[in-house]
Amino acid sequence: MWVRFALFGLVATLALAAAKTDLETEVEALIETFRGDMKTGRPDIGIPVLEPAVIKQIPVNIKLSPFDASCVASDINIARVSGFEFTRLEQLAGTTKLAVSVKLPDIAVDGEYDLKGRVKVGFINVKLNGKGPLKLTLKGLKGDATVDVIVNGDGSLNVADLKIDSWTYDKISINLENLLDGGVMGKTVNKLINKLVPTFVNANRAKINGMIETMGKKVINQYLDGVAGKLSLLHGEATPQLTLDHQNWIVPAEVQEILHQLAAAASSSSSSLLAKTDLETEVEAIIETFRGDMKTGRPDIGIPVLEPAVIKQIPVNIKLSPFDASCVASDINIARVSGFEFTRLEQLAGTTKLAVSVKLPDIAVDGEYDLKGRVKVGFINVKLNGKGPLKLTLKGLKGDATVDVIVNGDGSLNVADLKIDSWTYDKISINLENLLDGGVMGKTVNKLINKLVPTFVNANRAKINGMIETMGKKVINQYLDGVAGKLSLLHGEAAPQLTLDHQNWIVPAEVQEILHQLAAAASSSSSSSLVPRVLQLLEDFRKMMRKGRPDMSIPVLEPAVIHTMPVEINLPPFDASAVSRDVHVSGVSAFVINKLEQVDGTNRLSVAIEVPEVDVDGQYEINGKVKIGFLDFNLSGGKGPVTLKMKGFKGTATIDMIVNDDDSLNLNWIRFDTWNFDKVEANLENVAMAKYVNPLINKLIPVFLQLNRAWINNWGEGVAQTVVNRYLDGIAGKTVHSAFPLNEMAVDAAPLVVSLEAQQLLDQLALILTDRPRLAAALAA
C-alpha cells in the first residue's frame, strides 16, 4: 500500500518524539527503536514489516506529449531503508522545532510493471507495450528538514509542520525488462529513461517537496497516534494514482527533447505491433496528396481550388418561433481548412476500418448575407432586415471518426461507412455587419446570436453528425473515384437549402429564451424606439469619458477628477468638517448594460447596469470637535491620502426621456430603483489610531449606505440629471455655459439617518479619535 512507502518519511522526521530539555537524546532513542521495528513490524499497532517494505500496486498515468499511457507497478519490494543514518539532530533554541539531516547509502526497489498506451509520431499513434520485472536503485541520498512538534496534554506528540529544506542523491538507475519486447531498442529506451528522470525530478523539486511534506506529516501523525494507543496505522489506505502531465508538472525543454527521442525510439521498434499497415500507409499518402490538391485544384478531374473553398450561395430558411425569415449567404470563402492535422490514423485489427482523429486549429469564413423576414412580438409582426458582410471563425476543432474502407479489385478505395464518434471546438464567433441597420442594436443581436449558436449546435449533435456522415461519405467517394479516373468531381452540384424549424431540429428551453431575447432586440430597433438611440448614446458617452469633450467644456471622466469635496459632519457626537481634494474616480467607464427596455406607449426606459469595480483615491483632511459626555474635545482626525474601492455594483433605474422638436433628447427625470454592491472598503492614511479607525469606518459605510438610500438616491439623481443633460445639450449643439458639475461638489451630512447600530459605531469612533480605545472596545462589547 502507498502509505507504507510514505512511512519512510519517518526516518527523516521522527525527531519530534518528545518535548523535553533532553529532546535530542529522547529522539535518538526513539529512532533506534523504530529502526528495530522496521525489521519485525508492530502488529499490535498496525505497523507491518518495513524492511523490506512491500507495496501491492502503484498505478501511474503518463500524459506527457507525445505519450499517452498507463503503467501499473506491482508487488514492489523496497529494501535497505533501515540503513539510514542521522548526521544532524538539533533542537532549535527556544522552540520545539528540530533541524534534522539524514543520509541513506542506497535503496533497492524491485517488482513488476505493465505498460500500455500510445505515442504520437507524426500524425500516427504508435502502440506502446512492456511487461516484466522492474528494478530501481537510488544511491547516496541526503536530505535536510525542519520539523515543528506539538506536545499534547496527555504527553503524546504530533507534527504541526514539516518542511523539506533540501535533498540530493548521487545516482538513480531504472531498468524495465522486456520494454518494447526487449532487445536493443528496449535497452536504448531504458538509457533515455535514465537520462530523463534526473532532469524531470530536478525541475519539479518544489512539487515533490510538497507531496512529501503533505504525505509525511499525515503518516507521521498516524504513526505517533498509533504508538500513543489512539489508533492503528496503515489499515484501509487506498493507493493513490499518480498522473504525470503538462498541467501539473514542469516539463523543461531538455525533458521535452528526451521525450521526443523516446517517441522516435519507440516508433522504430521492430515489433510488428508498431509497424504501419499497407492501408494506413496508402491513406496517409492520399491525405497528403489531397492537402496539396486543395491549394491548386485538379481541373483534370473537376476538382476546384479548395484553399480557400468558394461557395456561390447557401439559402437558409428560418422557421423558429417567433422568427419567420430567409437568409441567403453568398460568395462564401472558407479558408485554412488545409491546416488540418491527423493525430490518429489506425487500422483496427482484423478489419479494413480506420479509427481517425483530426484537429483543425482554425477555420475562417467570410462572405455576404441578405436577411429578410418578420419576427412576431405580441400581436405585431416586425420586419427584419440586414444585408452586408458576414464573418465566422471556428477555433480548436477536434474530431474522432471511424471509417469503413472498401479496397476494390483494381486497388482503388471507397468508403462503405463513415461514423462520427465525437467532436469538440474551443470557440465559434459570428458577425453580421449592418444587421438591423447596424449600430449598437446590431451589436447586441450579434452577441445574442453568438450565445445561441453553441447551445443550438450542442442540442443537435446527432442531426449534425448525420448530415456530415451523409455528405462526407458522398464527397469522399466522389474524390476517390475522381483520382482513380472513374468520374469527374463536383460538377452540377446544386447548393443545398437549409431549413431550421421546430419539426426537424431540437430547440431546448435555453435556445427558445435566446430567440425571444433576439425578437425583443429586433423589435426595439424600429425607428419609433428609443432603445437603440440611448444604447448608441451610452456607447458614445463611454468613449467620451476617456477623452473628454473640450468643445463642450466636458473634462475627461475616466478617471473623473473632483478638485474639492467639502463635507459637513453634524452627527453626534461629531461636529466636524472634512474636505477631500484631487479625488480621482476610475472604473466607471467599464459599466455593463444588462437591460434596456422601453415601457410601451411612453418615453420611459427601464435600465439595469453593472460596474465591476470603482476605485477612488485622493487627499483628505478632517477637523472639528467631538463631544464625550459634557466635555468637548478638539478633533484632528488626520490629513493624507485616502482610497476607496467598491466592487460588484449593480443597479436598476427608470428614466423618462424628452424627445424635443428638433429630435434631440433630454432627460426629464431619473429614478434609482435598486442598487447593491459586493464589497466597499476605505483606507485613510495618517489618520489617528489608524488600526482601529479604518476597520470601524469600513463597518460604518455599509450601514450608512443602507440607512440613507433615499438621500443618496436623491443626491445621485440630481447629479446624474445635470451631467446627462449637459452632455445631451452639448452633442445637440446647444450652448451651455455653466461649470461642469464634477469640478466641485459639496456634501451636507446633516439629513442623514442614524440607527442605533450606526450611533454605536459613531460613538466608538469618537472614543478612538480622542485616544480612548479601551472605552471604545467596552462600548463595542
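Predicted model: local features only at pLDDT ≥ 70, side-chain atom pairs only at ≥ 80, totals over all residues.
Biologist: Thanks! Back at Asp 582, is it buried, partly exposed or exposed, and why?
Modeller: Asp 582 is not a glycine, yet its phi is positive, about 50°. Buried means under 20% relative accessible area, exposed over 50% and partly exposed in between, with a 1.4 Å probe and protein chains only. Because its relative accessibility is 43%, Asp 582 counts as partly exposed.

Biologist: And what is the phi of Asp 75?
Modeller: Asp 75 is placed in strand β2 (residues 67-79). Its relative accessibility is 40%, so Asp 75 counts as partly exposed. Although Asp 75 is not a glycine, its phi is positive, at about 50°.

Biologist: What omega does the peptide bond between Glu 558 and Pro 559 have?
Modeller: Pro 559 is found in the loop between α11 and β17 (560-569). The bond that joins Glu 558 to Pro 559 is cis, with an omega of about 5°.

Biologist: In which loop should I look for Pro 52?
Modeller: Glu 51 and Pro 52 are joined by a cis peptide bond, with omega about 0°. You will find Pro 52 in the loop between α3 and β1 (53-63).

Biologist: Leaving aside neighbours within four places in sequence, which residues is Asp 37 in contact with?
Modeller: Asp 37 belongs to helix α3 (residues 23-40). At 14% relative accessibility it counts as buried. Contact means heavy atoms within 4.5 Å. With those sequence neighbours set aside, the contacts of Asp 37 are Arg 42 and Tyr 223.

Biologist: Which glycine with a positive phi comes just after α5?
Modeller: Helix α5 (residues 205-227) has 23 residues and spans 32 Å from first C-alpha to last, close to the 33 Å expected; the expected span is 1.5 Å times one less than the number of residues. Its buried residues include Glu 213, Tyr 223 and Asp 225. Just after α5, a positive phi of about 80° is taken by Gly 229.

Biologist: Over the face of which residue does Arg 205 lie?
Modeller: A charge sits over a ring if NZ of Lys or CZ of Arg is within 6 Å of the ring centre and within 35 degrees of the ring normal. Arg 205 lies 3.9 Å from the ring centre of Trp 167.

Biologist: How are Phe 290 and Tyr 479 paired, and what is the angle between their planes?
Modeller: Rings of Phe, Tyr and Trp (its six-membered ring) pair if their centres lie within 6.5 Å; planes under 30 degrees apart count as stacked, over 60 as edge-to-face and the rest as tilted. The whole structure holds 7 aromatic pairs. Phe 290 and Tyr 479 make an edge-to-face pair, 4.9 Å centre to centre, with the planes at 75°.

Biologist: How many residues apart are those two partners?
Modeller: The pair links distant parts of the chain, with Phe 290 in helix α7 and Tyr 479 in helix α9 (residues 461-483), and their separation is 189 residues.
At 26% relative accessibility Phe 290 counts as partly exposed, while Tyr 479, at 8%, counts as buried. To come back to your number, the partners are apart by 189 residues.

Biologist: What distance separates the C-alpha atoms of Asn 414 and Tyr 479?
Modeller: Asn 414 lies in strand β14 (residues 413-424) and counts as buried at 12% relative accessibility. Not counting residues up to four places away in sequence, Asn 414 touches several others, among them Asn 477, Leu 480 and Asp 481. Asn 414 and Tyr 479 are 65 residues apart along the chain, and their C-alpha atoms are separated by 9.3 Å.

Terms used:
Residues numbered from 1 in each chain as written. Heavy atoms only, no water. Helix = DSSP H or I, 4+ residues; strand = E, 2+ residues; numbered from the N terminus.
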